[in-house]
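Hi everyone, thanks for coming along. Have a look at the sequence and the structure on the screen, and then I'll walk you through it.

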Number of protein chains: 2
Amino acid sequence: MSYLGIGVSPGNVPVHHGSNLKVIDKRVRIIELILRCLILGLAIIGAVLIGTDSQVKVIFSIKKEAKFTDMKVLVFLVIANGLAAAYSLIQVLRCIFSMIRGSVLFNKPLAWVIFSGDQLMAYLSLAAVAASAQSGVISKLGQPELQWMKVCNLYGKFCNQIGEGIASSLIVSLGMIALSGISAFSLFRLYGNNGGKSNAG
Amino acid sequence: MSYLGIGVSPGNVPVHHGSNLKVIDKRVRIIELILRCLILGLAIIGAVLIGTDSQVKVIFSIKKEAKFTDMKVLVFLVIANGLAAAYSLIQVLRCIFSMIRGSVLFNKPLAWVIFSGDQLMAYLSLAAVAASAQSGVISKLGQPELQWMKVCNLYGKFCNQIGEGIASSLIVSLGMIALSGISAFSLFRLYGNNGGKSNAG
């Protein structure tokens, strides 16, 4: 049994392993495509929810408007969502293209580009969500020790919509984290047991 | 040339590839050990800097004390740093042990545990730093639109020490990100070109 599994490479894969590899690859690629479409949609929803949010309040006959630009971190979150959406769109097109061509990813430079992009987007997206969530918590609960008042009892509808935007962005970043695992798998298995020489053939 | 590089596995590695692999493995392991020691030190420094920070001010004969527990996110950051330190200590011991034994990581379950731990710590650490940095920015610059005043002109020494703690934690999370790349490499190359069957032998 041991000699069935060893000594194979893309150049001389026996039929049963080739089909095994293909099945795994197909599944991974379908999961990847679904995740990227999901991220594309949710990133747009998150950006729109936050970017279009505003609420006007009249306090002692003074008109006050809450906009998302009042909090710089929400601008950062909208930008991060926009980047995630644009990046996902490109990746979705690449996935569809490679599915139509039926090619498997055995190209190290491309795998490195995808891996780096996914990692960057995952960390960027998570950082934006964490920072926004922190501002959201202060807005909701206040920070009495520092005399930062809660503002959400004043702008309830505004706050809820921001919360939905942050929740949507959180799913985007979790999806990006899953994708960065998939692209790490796709990249580093090219550095398999033949010492990184799989492209020599 | 093409048939030199293909068809090898841990079971039948030719001498020149074996030594090649060993050199790469040795370097990766040394980099890993250095990074983990660095993270261990900086995580402790970050936790101590933030956890021991306090400043007393007398304003209109009222004594006011700023403590890190006034900001809940800093408690989260201290906990995250503590976890990073404890985790790194265990990993340093594992690295040293595997270096003494001279074993190479060809154990999939262990590689999965290390990979998952590194990923978790990297994302946790980054989220804590991002949220704390957001609170730090508000403390430093204020958020006039929401009437959140800057507090750092009042508690200058306190704020600076928090800033140093956050900077130290940022290096910890960057180190963790690098390590999670290394452990992804160590794990997924076990799923090399022989379709995940490298453990069958």
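This is a predicted model: local features need pLDDT of at least 70, side-chain atom pairs count only at pLDDT 80 or more; totals for chains, interfaces and linings use all residues.

With a relative accessibility of 1%, A:Ser132 counts as buried. Setting aside neighbours up to four places away in sequence, its contacts are A:Val73, A:Leu74, A:Leu77 and A:Ile166. To give you a sense of distance, 65 residues along the chain separate A:Ser132 from A:Lys67, and their C-alpha atoms are 15 Å apart.

Now let's step back to chain A as a whole. It has 5 helices and 2 strands, and in sequence order they read α-α-β-β-α-α-α. Of its 201 residues, 49% count as buried. Among contacts with a separation of 6 or more in this chain, 79% are between residues 24 or more positions apart. The accessible surface is about 9700 Å², and carbon and sulfur atoms hold 72% of it.

What does the record say about chain A? An unreviewed UniProt entry places "transmembrane region" at residues 33-52, 73-100, 120-141 and 162-188. In the model, residues 33-52 are 95% helix and 0% strand, with end C-alpha atoms 29 Å apart. For residues 73-100 the figures are 100% helix and 0% strand, and the ends lie 40 Å apart.

Over in chain B, helix α4 covers residues 108-141. Its 34 residues reach 49 Å from first C-alpha to last, close to the expected 50 Å. Just after that helix, B:Gly142 has a positive phi of about 75 degrees.

B:Asp53 lies in the loop between α2 and β1. Is B:Asp53 buried or exposed? It counts as buried, because its relative accessibility is 2%, and the cut-off for that is under 20%. Beyond its neighbours in sequence up to four places away, B:Asp53 touches B:Ala66, B:Lys67, B:Phe68, B:Lys157, B:Phe158, B:Gln161 and B:Ile162.

On to the nonpolar cores. The largest has 55 residues, and A:Met176, A:Phe188, B:Met176 and B:Phe188 touch the most other members. Helices α2, α3, α4 and α5 of chain A and α2, α3, α4 and α5 of chain B each supply at least two residues to this core. Apart from it lies another core of 42 residues, including A:Val73, A:Tyr155 and B:Leu74.

Finally, the aromatic rings. Over all chains there are 12 aromatic pairs.

B:Phe185 is buried, at 16% relative accessible area. Together with A:Trp112, A:Phe115, A:Phe188 and A:Tyr191, B:Phe185 forms one aromatic cluster.

Terms used
Residues are numbered from 1 along each chain as its sequence is written. Chains are lettered from A and ligands numbered from 1 in the order in which they are written. Side-chain values use heavy atoms; hydrogens and water are left out. Helices (H or I, at least four residues) and strands (E, at least two) are DSSP runs, numbered from the N terminus. The expected span of a helix is 1.5 Å times one less than its number of residues. UniProt positions are given in the numbering used here, feature names are shortened, and annotations may be inferred rather than shown by experiment. A nonpolar core is a set of buried Ala, Val, Leu, Ile, Met, Phe, Trp, Tyr and Cys residues joined through side-chain atoms within 4.5 Å. Buried means under 20% relative accessible area, exposed over 50%, partly exposed in between (1.4 Å probe, protein chains only). Contact means heavy atoms within 4.5 Å. Accessible areas come from the Shrake-Rupley method with a 1.4 Å probe; for residues, only the protein chains shown count as cover. Rings of Phe, Tyr and Trp (its six-membered ring) pair if their centres lie within 6.5 Å; planes under 30 degrees apart count as stacked, over 60 as edge-to-face and the rest as tilted.
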